[in-house]
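Here is a model to read residue by residue.

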Amino acid sequence: MRTHTLRRISPICFAILAAALPGAAQAPLTNAALKGAYFVRYLGVNGYPNDFPVSFAGTLTFDGTGTASTPGNFTVSGSGVTFSGSSQAVPLTTTGTYTILSSGEVSMVNPFSQGNATLYGGVGANGVFIASSTESGYLDLIVGIPPSTSATKATLTGTYHVGGIEFAGGSVSNMRNLNFDVAADGNGNLGNLSLSGSSSSLNDATATQTISGATYTLVAAGSGTMTLPAPTGVTTANQLISGTKNLYVSPDGSFFIAGSPTGWDMQIGVKAIGSGGATIFNGLYYAATLENVTGANGGIDAWYGASNEVSASQLELYHERFNTDGYAGLAYDYTYDDSFAPDANGTSTVFGYFAVGGNGNFAFNTGGQGDYFLEVWVKTPSFSGSGPFLLPTGVVNAASNAPFTAQISPGEVITLYGTGFTSIQQVQTAALPFPPTLGGVQVMINGTAAPIYVVSPTQINAVVPYSIAGDGSLASIQVIANGTPSNTVQSYTGLTSAGVFTVPAGGVGSGAILHADYSLVSSTSPAKANETVQLFLTGLGAVTPSVTAGTAAPATTTLSAPVEIWLYDANGAPSQATVTYQGLAPGLGGLYQVNFTVPSGMTLNSSGATSCAIEIDMLDQADSDNIQAVIPVSH
């Protein structure tokens, strides 16, 4: 579900990762995926040291032109407010540029930041897009909906789950989170509402309030208003929500966004499902979040990324491009796993309030009680193509299987999924180096042939050349099968993209870790306190001395960006391990090795053995953090 702090241990799911890849549906996307006027709601904070909330309601009109390397253009219409001692109109940049990658990932100028920030996100189900300014001092969330042509009040009919966040009065220290259901009658009435949530003004305690006679309007374009009378018997300062909100409804009526034209709030609504909640939240989703943890040790953060929801095993694999207040330009990739399944009706209160709806295409999660956030999911497009076809969402870390939005890094082993790569399955078994062509197949990354060690009709494993910049730029990836080129897929690059190999493979469960005698660390042969073990990974970036990707590593190398290893005990408490070696695995190709000593003093379970989650922290000098694999430890 949600990870709110860097070192929160998630419940570990030991299921083998199943390939949760999109089914056949459409060709890779282009800038034409955003064309015309989109209704948008924007909510964010102009970060440290100002921390002024900013909101906007209106339209972004996209021209649908350009390519992955040539931006299209958009214009802005609407109004917004910010707060700097008093409510003020937001200065808007009325034009901007945008780019859509083949996967549907989108980048666009943030028009609410006077041109010094870029929004990163994705275009997904029903043309809905979400994004956040991950690489700047802005902490924010934007949601956009394509317009309708013939909407009526009947477009909004049935039960909807609604969740929201608010910077009340324009203050980052006066937060509200809430959730409620509405029963739209198709004729402008939402019924009587039962609100649940918390606010800073109520000392972060959970509260319930009621509203009578909520209503809505809707015109043909899909815009309108949602009017919420004041909750019964509640003072203005303590109200969870009230007032008239701008309302934007998707053409099929399954999703809506709302917010005050003069306030700093956002509400998300998803059409409720009747049953099947445990299985309908499945597949790949774009996700974005705005969060404010109040109190002395809190702070504001935001992120964009993707989640891979494998409902059959209640497994989630996450990537977040994480941006936190006061650290502009120091965003990093955070990849982790979790175990979660909603209830039959698509909701959950395991952490905050979660709801999936709209036939599984949309979901949201809200917090409260001191951790105020709004997280939004939009299901990714599904893709297909003829000949050798590389899935735009199918380039992932070969160890962690982190979703496709995660950056790739020099020397990383990646897995590429698609169709029609070859008619055979072949594994490189000859001596190193790995060849640039295997079974008639090549992988070109920025025009350089990557070393390959596995090919099959639907999967290729290759090593990213060290010549890749790792500077946040885009890398172009293409498969050439017996002389026939595939479509081109783009991935952002970074210095590192840490991931731990596991046994069995998949990125979840026991890490590929050896005792000093080279036997496998396992539940039947756990590691001991003060024992030094060998951990095998990928994505740890450049090394000294430099090597050629896919060749046999020398006896000793050193990571250019040092790694920290943290283990989490039975209580979720972290202990830092002592690293004794960090570099490439000597004599092997495309594999990193970190030797570390298991800390003493960790709390284990009542049987004296615990599978401790392993965190690979490369944030001191690089840009990735991973917590998925575990190491069995006993006394």
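This is a predicted model: local features need pLDDT of at least 70, side-chain atom pairs count only at pLDDT 80 or more; totals for chains, interfaces and linings use all residues.

Residues are numbered from 1 along each chain as its sequence is written, and side-chain values use heavy atoms, with hydrogens and water left out.

Visitor: Is Ser575 buried or exposed?
Guide: Ser575 sits in strand β43, residues 574–584. Strands here are DSSP runs of E, at least two residues long, numbered from the N terminus. Buried means under 20% relative accessible area, exposed over 50%, and partly exposed in between, with a 1.4 Å probe and protein chains only. Ser575 has a relative accessible area of 19%, so Ser575 is buried.

Visitor: Which residues is Ser575 in contact with, leaving aside its neighbours within four places in sequence?
Guide: Contact means heavy atoms within 4.5 Å. With the neighbours within four places set aside, the contacts of Ser575 are Ile565, Trp566, Leu567, Pro599 and Met602.

Visitor: Which side chain makes a polar contact with the side chain of Thr244?
Guide: Thr244 belongs to strand β15, residues 243–249, and is partly exposed at 41% relative accessibility. Beyond four places in sequence, Thr244 is in contact with Thr225, Met226, Thr227, Ser260 and Pro261. A polar contact is a pair of N or O atoms within 3.5 Å; within protein, one must be able to donate a hydrogen and the other to accept it, and residues adjacent in sequence count only if both atoms are side-chain atoms. At 3.4 Å, the side-chain partner of Thr244 is Thr227.

Visitor: How many residues of strand β9 are buried?
Guide: Strand β9 covers residues 138–145. Tyr138, Asp140, Ile142 and Gly144 point one way, while Leu139, Leu141, Val143 and Ile145 point the other way, and all are buried. The count for β9 is eight of eight.

Visitor: Which are the edge strands of the open sheet of five strands?
Guide: The order is β26-β27-β32-β31-β28, with antiparallel pairing. β28 is joined to β31 (residues 452–455) by two bridges, and Gln426 has Val455 as its bridge partner in β31. The strands that pair on one side only are β26 (389–397) and β28 (426–427).

Visitor: Which strand gives the most to the lining of the largest cavity?
Guide: On a 1 Å grid over the protein atoms alone, a cavity is a set of points where a 1.4 Å probe fits but cannot get out, and lining residues have an atom within 4 Å of a point. The structure holds five cavities of 30 Å³ or more. In the largest, β21 (332–339) and β46 (624–634) each supply at least two lining residues. The most, three residues, come from β46.

Visitor: What is the volume of the largest cavity?
Guide: A volume is the space filled by probe spheres set on the grid points, which are joined across faces, edges and corners. The lining of the largest cavity includes Asp333, Asn397 and Ser624. The volume of this cavity is about 70 Å³.

Key:
Helices (H or I, at least four residues) and strands (E, at least two) are DSSP runs, numbered from the N terminus. Two strands pair if DSSP finds at least two bridges between them. On a 1 Å grid over the protein atoms alone, a cavity is a set of points where a 1.4 Å probe fits but cannot get out, and a pocket is an open set with protein on both sides within 12 Å along at least five of seven lines; lining residues have an atom within 4 Å of a point.
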